[in-house]
Structure formats: structure tokens, C-alpha cells
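User: Hi! Could you walk me through how to read the features of this model, one at a time? I would like the general idea before each case.

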Number of protein chains: 2
Amino acid sequence: MADAKYDVLGIGNALFDVLVRTDEAFLARHGMTKGSMSLIDEARAAAIYGDMGPATEVSGGSAANTIVGIASLGARAAYVGKVKDDQIGRLYAHDIRAAGVAFQTAPAKDGPATGCSYILVTPDGERTMNTYLGAAQDLSPTDIDPSEVAASRIVYLEGYLWDPKNAKEAFVKAAGIAHDSRRKVALTLSDSFCVDRYRDEFLSLMRDGTVDIVFANESELHALYMTSDFDAALKQLRNDVNLGVVTRSEKGCMVVSAEESVAVPASPIAELVDTTGAGDLFAAGFLFGLARELPYRACGQIGALAAAEVIQHIGARPQVSLKELAQQNGLVI
Amino acid sequence: MADAKYDVLGIGNALFDVLVRTDEAFLARHGMTKGSMSLIDEARAAAIYGDMGPATEVSGGSAANTIVGIASLGARAAYVGKVKDDQIGRLYAHDIRAAGVAFQTAPAKDGPATGCSYILVTPDGERTMNTYLGAAQDLSPTDIDPSEVAASRIVYLEGYLWDPKNAKEAFVKAAGIAHDSRRKVALTLSDSFCVDRYRDEFLSLMRDGTVDIVFANESELHALYMTSDFDAALKQLRNDVNLGVVTRSEKGCMVVSAEESVAVPASPIAELVDTTGAGDLFAAGFLFGLARELPYRACGQIGALAAAEVIQHIGARPQVSLKELAQQNGLVI
């Protein structure tokens, strides 16, 4: 295995988040399922946005949030995702590069606008996402630079990539290159409805060894194995993948492999403001630890700390240096 | 005086805020004066933005922030300001309308992009603004709808309007219509460097009765009368305008008229996060009280409360209902 240029390379849907605090009635009025991610077309985006209150905008996208978190922890990180060359796409590219992430994907010159996720945050802090994929729809295998993938210790892919029409080919191409270069491939299951859409494909990716590491939250795990029995689902996950990491909100996380099972508690918080990015930042901390070859417990602790930071403010990108935060908490030196 | 359709109509530079937390070294490196607003051209905007970290975007603009605050308090508010018909301009128009503000100014079809203010927030919470006026440069007297001005109890104008080339004509036109309709005209001095640029003109507006009410902070007041003697400056302000309102950060505010002087303390806060919009939201609360014909002390208290809300988070727009906040604090029923 050659020396790695990047600790982690992430591939995902590049999305600009438009966030607003709202009430439960808004979700009901628009027929939204709280806590989920729904794909919407331009007409529905206009209807939802037209009814939304004044918003705050922050760059987002699940894998991108994770990659920014990894960079904030001090690791070398790269991202592949498709924006358009428009005003919002330029804000997006600025933000991810300014976070220290290598981002070389060519923006689309024409076609749909940069994708946006309209995110409703209810008083309980839960986020409900409505995603217009826009230019993210056009991510294709040609956007994958084989040398960049081969030079990355871990390739991290989001399950949401199964939604755009060509992105799954980009996903499979990247995973193949990674394994040819003896790198690791990680997948997040993204969302329980996403799991419902692509259950068999995700299970195949795990069972045929396309992915080595799987991140899931409880509801995604239950959706994957179509059971409400957590222990039974966890046991199946352990059989299906080399390393499984399951987040359980305030109950912390479970890490399972053939050799061991580790439970790591959540980090304490002062106030839950907005859960957007909780899972993404947990994955950031965990992958950072893996890239540094730390024990799973330490990986989980850094993940929990990063998740705790991001849920105490609006938006899914860290607002402080996660490296300094981890140092202050004695998790890294 | 006919019944008013709006309590307050604001006219100002419509600007999208691009906010980032940074350190003192950034300001030094770019030769910025902490706490001030500097006008920048496209080249300098690119240089500053290129060096800025990942940002958060929130609609802004001084008078617009005030008007949104007035709407949030439950009053009827309208705004005149120029954006371009581009992605950012559409975000801007959404946000102000979604706040309940009447906003009818036609967006520019061509010319420069929607204006942006690049705002650096240092660890002490102070904000330093770098404004690319963009489309705001094109606000002109034709954007002033006489019937809208005549139907507004108070017309509120920002001193910053002296910067774009035609906006001061729009300002004077609006003030004339307002007085013809026996309405009140209020002016904020905006920024001490702005006062330095237009001192004589601002004093003329006050002394010839074009404006009835002036908002200033301490440094703007000192700049206006070129003195460091607060009491002497306040005395001159009382002579020059019917109603003067001077904010003094944590020391509260002073309200002066020919009849009385009132000191109102600041509202307590848990944590100073970002001073962006402090003066704008103070003016919102004060003008709301004036439109409701409340005593000056109550006007100042509502202003102090609104300012306290906005400085405890990133961005210059309120994140909660100011009406509910004022009710909880027993300031309105």
C-alpha cells in the first residue's frame, strides 16, 4: 500500500442547506415525515420554500459535512461532488475549500442549478430535509479521478448516491479503484427511507465486499434488516460487514466487528439546537480515528464529540476547530 | 393625517451577509478597521472572500434588518431596496417577504450582482463589515412609490444611502413625500466613517428639518460633532433634531428631545456572540414603540430587548418572534 495523500476521500451529493426553524404544523401541512430526507422536484421546492420563514444558509451535503469535519480535526481530506457554476455553487466551493478540503470536481456549466436541501428544524431540534438534487444529479464516473481515489486511505460514500442516476456508477468505480489500491471503503446508509429504496443493493455491497465499513443509525439498521429487534439487527450487521458502526443518538454508539463489540456513550451537550449533521459529524470523528489507527473506543469518542458540537448550533458544519475541541477533551494530542 | 397602511417603511442598501468567525490577525492582514463598515470593490471582495473561512449566509442590510425586526414585533412594515434578479437576490427577497414585510422594489435585470457584505466576527463578538454594494448601487428615485411612503407612519432611512450614487435622491424624495403627508422621517447615522464622509450633509438634513428623528451610537455621535465629549455632543444633538436616540452598547441608550432626557439600561445577555445588527434591532424596537405611541422609556426598553436577542447568535435577523419575546418580558401585551 503506497503512502496516502489523503486520509479520507468523500463522495456525495453536494447540497446547499437552506435552514429554518419551524413548528410541527408546517410539517403536517406539507405532508412531511419528521426526521427523514425526501427528494423533491423543482415545483415542490418552490412550494415548500414559498411557505418557509426567513432562512439561514450553510453549505451541506452528508458526505461533504463529514469530510469538512475530518479536515477540521486536522486530517487530510478530499471531496467529490457536483455543483453548478452558479452563485450558490461558488459559495459551496468556497466553503469546502476554505475548510481545508481538496475539492476538484468540475462544476456543471449548464443543466439544473446547484442542489439545495430545504431543512425544517422543529422546536425539539429534529431536522426534516427536503432535497432538490439539481446539479448533484449529474455526478458521473468521469468525475472520479482514479489517482485521487488510489491516494486516499479511506473512501467514504453516502447511500444517498443511489438517488442520482449516474452517481452509483461513480460510487462503484471509486470502490473498485480503492480496493485495487488496498484502501478501505466506507458507506453510510444515510436515511431509513433511502434504505427502503435500495435495501437489496446495499446488502449486496456489504456481502460482496464492495464496502468494508458501514455507518448506520438505529432506524436505518432496523430498515436494513426489516426488524425492530436491535440486537438481532446488530448481529446480522456484524455478519454482513467487516466493521459496523451504529449511532443511537443520546444512547451513544455500538461498534461491531468479528473480533469485538464496543459501546461508546454520547458526549454531553448543554442544549440541542439542530440535529442536522449529527450522523455526518459522528462519522467524521470516527473515520478520523480510523485513519489514525486509533482503537474503536477512541474513534467513537471523537465521533461523539464532533456530533455534540454540531447539534448545538444551526447547520451541519462545525463552527469551531474540532482539532482544538478534541485536544481540550484529551482525545488527541 | 390619513390612516397609515404601514407603521414603518424602511429604505436602505439590500445586502446579503456572508458571515465568518475569524481572529484579529485576519483583520490586520487585510488592513481592516475593527467595528467599521468599509466599501469594497469586486476585486477586494474576491481577495477577502478568498481568504475567509467557511461562512454562514443570512440576509442583511441595516434598514432591512430594522424593518424585519419591526415586523417580528407585530407591526406593519415595508422595505425599499435593490437586489438583482439572481440566485442571491431571490434568497434575499424570500427572506424579507417571509418575515412579513411588504417588499415591492423591482429587482435589477442586469448590471452588478446582488450586493454582499463580508462580515468578520472576532472572538470578542465585534463585527467588521466589508460591503460590495452591487445592485444596491442602482437604487434610484423611481424605486420610491409615493403612495407607499404617504401611507407609512414613519419613514426610516439609513445614512449608508449616501454611498450609492442615486440613492440619496431617493432618500430626499421619500422624505419630502413623507412630510407632505405629515409623516415622520427617521435617520440612522449608520457608521462613524459614514458620518465622516457625509457629516455636513447629515447635519443639514437634521437642521433643515428633513429628518425628525436621529439614531446614532456613541462613536457616530462623536464623529458627527467631532468631539470626544459625550455630554457636549448630546447637547448639540438635542438642539439639532426633534428626537435623538443614542445607543451606548452595554451602557444602554439616551433619548433626548427638547422636553426630556431619558436613560434606558441595556438588556442582560447570557453570551455576546455577534454584534452584527445590534443597532439595527435596537432601532426596530424603538421605532415599533414610537409607531405605537409608547413613552420613550418603553421604546428604549423594547429596542434594548431586540438588540439583546440579535447579538446572542450569528446574523442580524431575529431568530425568534420578537413579539413573543416582548410579551414574555412584559413590554407589550
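Predicted model: local features only at pLDDT ≥ 70, side-chain atom pairs only at ≥ 80, totals over all residues.

User: Let's begin with helix packing: how do H7(B) and H8(B) cross, and within what distance do their axes come?

Analyst: Residues are numbered from 1 along each chain as its sequence is written, while chains are lettered from A and ligands numbered from 1 in the order in which they are written. Helices (H or I, at least four residues) and strands (E, at least two) are DSSP runs, numbered from the N terminus. Axes are lines fitted to C-alpha atoms, for helices over the stretch in contact, with angles from 0 to 180 degrees between N-to-C directions. Here, helix H7 (residues 192–207) and helix H8 (residues 218–225) of chain B have axes that come within 9 Å and cross at roughly 40°.

User: What word describes the orientation of H7(B) and H8(B) to each other?

Analyst: Angles under 35 degrees count as roughly parallel, over 145 as roughly antiparallel, 65 to 115 as roughly perpendicular and the rest as oblique. H7(B) and H8(B) are therefore oblique to each other. Their crossing is right-handed (the near helix is turned clockwise from the far one by less than a right angle).

User: Which residues make that contact?

Analyst: Two residues are in contact if their C-beta atoms, placed from the backbone, lie within 7 Å. H7(B) contributes B:Ser192, B:Val195, B:Asp196, B:Arg199 and B:Phe202, and H8(B) contributes B:Ser219, B:Glu220, B:Ala223 and B:Leu224. For classes, Ala, Val, Leu, Ile, Met, Phe, Trp, Tyr, Cys and Pro count as nonpolar, Asp, Glu, Lys and Arg as charged, and the others, Gly among them, as polar. That gives four nonpolar, two polar and three charged residues in the contact of H7(B) with H8(B).

User: And how do H8(B) and H9(B) cross?

Analyst: The axes of H8(B) and helix H9 (residues 230–240) of chain B also come within 9 Å, crossing at roughly 75°. These two helices are therefore roughly perpendicular to each other. B:Glu218, B:Leu221, B:His222 and B:Tyr225 of H8(B) meet B:Phe230, B:Ala233, B:Gln236 and B:Leu237 of H9(B). By class, that contact has five nonpolar, two polar and one charged residues.

User: On to the sheet: what is the strand order in chain B?

Analyst: Strands pair if DSSP finds at least two bridges between them. In chain B, nine strands form an open sheet with mixed pairing, ordered S6-S5-S1-S9-S10-S11-S12-S13-S14. Strand S6 (102–103) and strand S14 (261–264) are the edges, each pairing on one side only. Inside the sheet, strand S1 (residues 6–11) and strand S5 (residues 77–80) of chain B are parallel, with four bridges; B:Ile11 has B:Val80 as its bridge partner. Helix H6 (residues 167–180) of chain B lies across S1, strand S9 (152–158) and strand S10 (184–188), at about 160° to S9(B).

User: Finally, what rotation superposes chain A on chain B?

Analyst: Two copies of a chain are related by a rotation about an axis and a shift along it. For this pair, superposed by least squares on the C-alpha atoms of residues with pLDDT of at least 70 in both, the rotation is 180° with 0.0 Å of shift along its axis (RMSD 0.0 Å). That is the relation of a two-fold axis. A:Glu57 comes closest to the axis of the residues of chain A, at 2.5 Å (C-alpha).

User: How many residues are in contact between the chains?

Analyst: 21 residues of chain A contact 21 residues of chain B. H4(A) supplies the largest share of chain A's side, six residues.
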